[in-house]
Amino acid sequence: MIAAEAQGVATKGFATHGPEAKFGPFEFTRRSVGPKDVLIDIEYCGICHSDIHQARAEWEPVIPSIYPMVPGHEIVGRVTQVGGEVTKFKEGDVAGIGCFVDSCRECPACTTGVEQYCIKGSAQTYNSTEMDRQTPTYGGYSKHYVIDEKYLLNVNATENLEGVAPLLCAGITTYSPLKKWGAGPGKKVAIAGLGGLGHMGVKIAAAMGADVTVLSTSPSKEQDARKLGAHNFVNIRDEGSAKNAVGFDIILDTISAQHDYNQYLGMLGLEGVMIVVGVPTEPIPLNAFSLIGGNKVLAGSLIGGIPETQEMLDFCAEHNIVADVEVITPARIEEAYDRTVKSDVRYRFVIDMKNA
Ligand SMILES: [Zn+2]
Ligand SMILES: [Zn+2]
């Protein structure tokens with residue numbers, strides 16, 4: 001028995017072996033289920049834009065790409081085994097895994113529940129290593145995951161789990177800054193960019209009670225924006241329309257293409273804040289006057305800690321919020337990547353791992 005456990009959990013996934021390589025089946029072994037570990041059968045995994053950046057080595061040298069790489073950090077599945085000391089989960093529970101699976105547990109970030117900012121660097125769900133800094137981590141484009149219960153989230157839903165999966169990254173990435181900067185009744189919130197992140201931002205800001213405007217360069221998205229819960233839509237390429245985009249309390253900038261921060265800061269009202277969550281590949285020039293006039297704030301935000309991610313999942317369950325998704329088989333990962341890069345998806349691809 002002990003010998004068999006020491007061999008770990010054999011599983012299958014889909015990996016890429018280099019920046020230009022195609023995805024293919026990949027057999028590997030997860031660690032054995034330890035006393036505090038939970039084994040989940042993965043049912044759905046979202047395709048996040050950061051999967052594409054890392055699979056294609058576009059963030060090097062800042063974030064090196066480790067191959068073979070099994071991406072995926074928007075994971076929902078069912079618990080099939082728990083270790084002897086696990087208290088939060090039992091067999092059959094629906095559970096979620098987000099962008100990290102461990103951290104040092106001792107630093108000021110970890111002890112205050114913002115483990116994503118772990119001073120020693122948290123263990124990312126894929127393209128990373130466990131905290132031993134040796135064992136590679138493989139993500140959710142796979143059949144199973146073994147994770148310490150401390151880093152596993154409770155999902156209080158049994159249906160539409162494909163729509164829940166993207167909450168684990170896109171949902172928390174938008175929920176955390178909207179909450180921190182006070183989105184709610186009486187606040188004018190603009191969501192810049194209507195992609196995977198932006199469409200979650202619209203739903204969550206609207207559910208928080210804010211007056212929501214979508215700032216977009218694609219007039220064709222107006223109908224969608226309103227359907228998602230936006231009250232206003234501004235085509236910022238149209239001067240007449242853009243004139244109305246002023247006085248926002250909060251702008252959530254989800255745009256990952258090159259764009260002019262100064263233009264968007266100009267749309268903030270007095271003491272407004274613009275939070276950057278999109279990651280353009282090149283640096284963007286900033287004019288100091290864009291901040292000085294109007295006492296404005298330019299902020300950043302990275303996903304959320306475990307307690308806040310749980311809070312976000314519960315908030316979304318209460319408000320019936322899921323992502324709008326297109327479910328695909330693993331055979332279509334390449335196609336999904338190309339279409340995501342072209343913004344040709346409404347609004348997130350999710351891989352069906354249950355039937356893979
Ligand atoms: Zn992500
Ligand atoms: Zn830490």
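The largest nonpolar core of this predicted model comprises 101 residues. Within this core, Val38, Val189, Ile191, Ala205 and Ile251 have the most contacts. In soluble globular proteins, nonpolar side chains tend to be buried together. The core draws at least three residues from each of two domains, domain 1 (2-169 + 323-352) and domain 2 (170-300). Val38 illustrates the packing. Beyond its neighbours within four places in sequence, Val38 is in contact with Val79, Val82, Val86, Phe89 and Ala95, and also with Ile147, Glu149 and Leu152.

The domain assignment of the chain gives domain 1 as two segments, 2-169 and 323-352, and domain 2 as residues 170-300. The centres of the two domains, taken over C-alpha atoms, are separated by 29 Å. Contact between them involves 14 residues of domain 1 and 11 residues of domain 2. On the domain 1 side, seven of the touching residues are nonpolar, three are polar and four are charged.

Helix α5 spans residues 170-180. Nine of its 11 residues are buried, so α5 is largely enclosed by the rest of the structure. The buried residues are Ala170, Gly171, Ile172, Thr173, Thr174, Tyr175, Ser176, Pro177 and Leu178. Just after α5, Gly182 takes a positive phi of about 85°.

Two packed helices are described by the angle between their axes and the distance between the axes. For α5 and α11 (residues 306-318), the angle is about 100° and the axes are 10 Å apart. An angle of 65 to 115 degrees counts as roughly perpendicular; α5 and α11 are therefore roughly perpendicular to each other. On the α5 side, the contact is made by Gly171, Ile172, Tyr175 and Ser176. Helix α11 contributes Glu308, Thr309, Met312, Phe315 and Cys316. By class, the contact has five nonpolar residues, three polar and one charged. Each of the four α5 residues in this contact, Gly171, Ile172, Tyr175 and Ser176, is also listed among the buried residues of the helix.

Several backbone features lie in loops. Most residues other than glycine have a negative phi, and most peptide bonds are trans. Two peptide bonds in the model are cis. One joins Glu60 and Pro61, with omega about 0°. Pro61 lies in the loop between α2 (49-55) and β4 (75-82). The other joins Arg346 and Tyr347, with omega about -5°. Tyr347 is placed in the loop between α12 (333-341) and β19 (348-352).

Phi of Arg105 is near 70°. Arg105 is found in the loop between β6 (100-102) and α3 (108-111). With 15 other C-beta atoms within 10 Å, Arg105 is partly exposed. Phi of Asn160 is near 50°, again a positive value in a residue other than glycine. Asn160 lies in the loop between β11 (153-154) and α4 (161-164). Asn160 has 13 C-beta neighbours inside 10 Å and so counts as partly exposed.

Definitions and conventions
Residues numbered from 1 in each chain as written. Chains lettered and ligands numbered in written order. Predicted model: local features only at pLDDT ≥ 70, side-chain atom pairs only at ≥ 80, totals over all residues. Axes fitted to C-alpha atoms, helices over the stretch in contact; angles between N-to-C directions. Helix = DSSP H or I, 4+ residues; strand = E, 2+ residues; numbered from the N terminus. Parallel < 35°, antiparallel > 145°, perpendicular 65-115°, else oblique. Contact = placed C-beta atoms within 7 Å. Nonpolar A, V, L, I, M, F, W, Y, C, P; charged D, E, K, R; others polar. Domains from an automatic or database assignment. Core = buried A, V, L, I, M, F, W, Y, C linked by C-beta atoms within 7 Å. Buried ≥ 20, exposed ≤ 12 C-beta atoms within 10 Å, placed from the backbone.
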